[in-house]
Amino acid sequence: MNWPSDLTLYPTYLHSRLRKGIGLGEGASYKPWLTVRGVGSRGSSPNVMGIKVPRRFECLSSLETIFLYQAEREPDVLDIQEQFPILDLASTQRLCAQLHVKHTRRGRYPEPFTIDFILTRQRAETRITQARSIKTPADRAKPEVAQRLNIEYQWSNEIELDWAVVETEDFTKDLLSSLRFIRRWFEDRFTPKKESASRFSDAFNRGYEVGTPLSELIDAAARRSRTKAEVA
């Protein structure tokens, strides 16, 4: 998904950021509207280097990091854009007025709402775009958060964009650790020998127990198969 680069389409107070490409572009050229440094967030993996899309991603929380890692593994995902701004300020201001919601602001001026992730997928011969917001149940229960999410939903509905809130109940620290480990294998382009891989796989399956952290399962399988293992 990409906004037009013609600055005359946007309020002048946004031009300084738009000239730098912030909020614009697709694929490796996209620049997120928000950054970890800019919002003072302590995301678990700020400036994550993408695998499927070769650029640095700004994850503002561990939940966003997990979602990014999962999206990278889905074969039909072509592009991932995080902290995507809704630069259609006329529409979001209209919706806020209709729904009696306070529009986000930066100083005196209306600030674009941002959607946590935009995914572009290839489904058969068709490309589809999805908007996904990453919030915990506790956050969704907060009135101000629920109002912002409703504005995202209403705007997305008007332009026929598939929008949804991602269920995050299963986004645990163990899941994040496991995804990081799996991702490292791809990052390092590690290719095991067939015999060693088969021996390790057999040892892993023999010792597998539901609920055991992946790092412990790997260490145990490495000992059984006499294979060196390393988990981040």
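Predicted model: local features only at pLDDT ≥ 70, side-chain atom pairs only at ≥ 80, totals over all residues.

**Surface and overall build**

Residues are numbered from 1 along each chain as its sequence is written, and side-chain values use heavy atoms, with hydrogens and water left out.

I looked up the dimensions next: the C-alpha trace spans about 65 × 35 × 35 Å along its principal axes. Of the 232 residues, 42% are buried (under 20% relative accessible area; exposed is over 50%, partly exposed in between, 1.4 Å probe, protein chains only).

I counted 9 helices and 8 strands. These are DSSP runs numbered from the N terminus, helices being H or I with at least four residues and strands E with at least two.

Among contacts with a separation of 6 or more, 59% join residues 24 or more positions apart (contact means heavy atoms within 4.5 Å).

Which strands make up the open sheet, and in what order? I found 4 strands in the order 3-6-7-8, with mixed pairing. Strand 3 (77-85) and strand 8 (162-166) are the edges, each pairing on one side only. Two strands pair if DSSP finds at least two bridges between them. From one strand to the next, the twist averages 25 degrees.

I then checked what packs on the sheet. Helix 3 (residues 62-72) touches strand 3, strand 6, strand 7 (126-134) and strand 8, and its direction makes about 10 degrees with that of strand 6. Helix 6 (residues 143-158) packs there too, touching strand 6, strand 7 and strand 8, at about 155 degrees to strand 8. Axes are lines fitted to C-alpha atoms, for helices over the stretch in contact, and angles run from 0 to 180 degrees between N-to-C directions.

Helix 3 is largely enclosed by the rest of the structure, because 9 of its 11 residues are buried. The buried ones include Glu64 and Glu72, along with Phe67 and Tyr69.

**Strand 3 up close**

Strand 3 runs antiparallel to strand 6 (residues 114-123), over 7 bridges. I noted two facing pairs: phenylalanine 84 stands opposite isoleucine 115, and isoleucine 80 opposite leucine 119. With 8 of its 9 residues buried, strand 3 is largely enclosed by the rest of the structure.

Most residues other than glycine have a negative phi, so I went after the exceptions. Glutamine 83 has phi near 50 degrees and sits in strand 3. Glutamate 160 has phi near 60 degrees and sits in the loop between helix 6 and strand 8.

Is each one buried or exposed? Glutamine 83 is buried, at 1% relative accessible area. Glutamate 160 counts as exposed, at 76%.

I found tryptophan 185 in helix 7 (residues 173-187). At 37% relative accessibility, tryptophan 185 counts as partly exposed.
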